[in-house]
Amino acid sequence: SRGLGDVYKRQVISIFVITAIFALLENKIQKKYVVIVALSLVTVMIFMAGLREVGVDYDSENYEFAYKNYETAEGVDASYIIISSILNVFTDNVHLLFMLYAIAGVLLKFHAIKKMSNSLIIPLMIYLCYYFEMHECMQIRSGILAGFYLMSIPYIAEKKRKWALLCLIIGSFFHISGLILLPILLLNNKEFTTRTKTFWCLVIPASYLIYFAGLSVLMSLDIPYIGNKLEIYQRMNDTGHSDLGVNVFSPLLLMNIMMFYYLMYFSRTVSEENKYFPLLIKCYALGISSYMICSFLPVLASRVNILYCVVSILLMPNVAYTIKPRWASVLGLIFFCFIYLNYGLKCFNGFAFLWEV
């Protein structure tokens, strides 16, 4: 698996470099050619995720076992069992399932990018440096859920909450953790006033206070099925079967916080270019703060944080509106993504690209 991982790592880095080059040139290329480049990159990512060797990442062997033994599989959602039972009629090769999940996960995210971003290549670069590895190559069920989560954002912004709820319900069919996203239905896309901007800027410091106070709010909730999930996570943590820990001052988390406050500082400028910015940045704030609030269960904290913060794919490209000339802002984003790539590859199969995490 180490050799396969090294090969895969080089492939990801190569595609990232190519994507970064096109990100720099995007505003110099005709729109139709930008679309062709974006579709080509999407196609490559689908095949990379769908055809990856079993064992190259942490989760693929478990998914293969559940696929071949779907009748007795535990720990996967009903959708996985149903899809596995259908695909097993044709083949017991799990790559057919990998390909199906990759197509759905990548295309849903690309559709959200087209809907909510003026750029196609920069969001793909940001997606490739972290979430592609985490979702399409590891947490494949969460990958589809995240796609439906992003699809729900425009509906919430346009006050079509029934359609947004439908997106979240469909996403939850692929991974039950989608229920944790339901609070976003209460959000709005109104432009920030001084008061609301101050409130959202205080959400993250407040979550740190909750963390240091040791308040475990969610553990007191008795929610059907979700309560059982929390008990499983707690048992994993207590028995040492989870090797995750919580570091509320980790470089990755601090980078997210820095990006949040940077974009909030330029919120008026960014909102003029991206009409979905207020709603996206609120989801981002909830994602960052959830890591501290759910820290009593490291597995839960990591899952909720990663899921909510997938909106970073659509938020980070807005840096391009805050720095002139454009190439300087894109270079800054490339450097930012380069660091993220180290974490994406490390989480994928423990391969440190720049330094040990």
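Student: Which exposed residues does the face of H8 turned away from its buried side carry?

Tutor: That face carries Lys-162 and Trp-163, where exposed means over 50% relative accessible area, buried under 20% and partly exposed in between, with a 1.4 Å probe and protein chains only. This is a predicted model, in which local features need pLDDT of at least 70 and side-chain atom pairs count only at pLDDT 80 or more, while totals for chains, interfaces and linings use all residues. Residues are numbered from 1 along each chain as its sequence is written, and side-chain values use heavy atoms, with hydrogens and water left out.

Student: Why is Cys-167 called buried?

Tutor: Its relative accessible area is 9%, and the limit for buried is under 20%, so Cys-167 qualifies.

Student: What puts the buried residues of H8 on the same side?

Tutor: The buried residues of H8 are Ala-164, Cys-167, Leu-168, Gly-171, Ser-172 and Phe-174. They cover an arc of only 145° around the axis, and therefore lie on the same side of H8; the arc is taken over the directions from the helix axis to the C-beta atoms.

Student: Against which helices do the buried residues of H8 pack?

Tutor: They pack against H4 (78–87), H5 (95–116) and H7 (140–157), contact being heavy atoms within 4.5 Å and helices being DSSP runs (H or I) of at least four residues, numbered from the N terminus.

Conventions: Helices (H or I, at least four residues) and strands (E, at least two) are DSSP runs, numbered from the N terminus.
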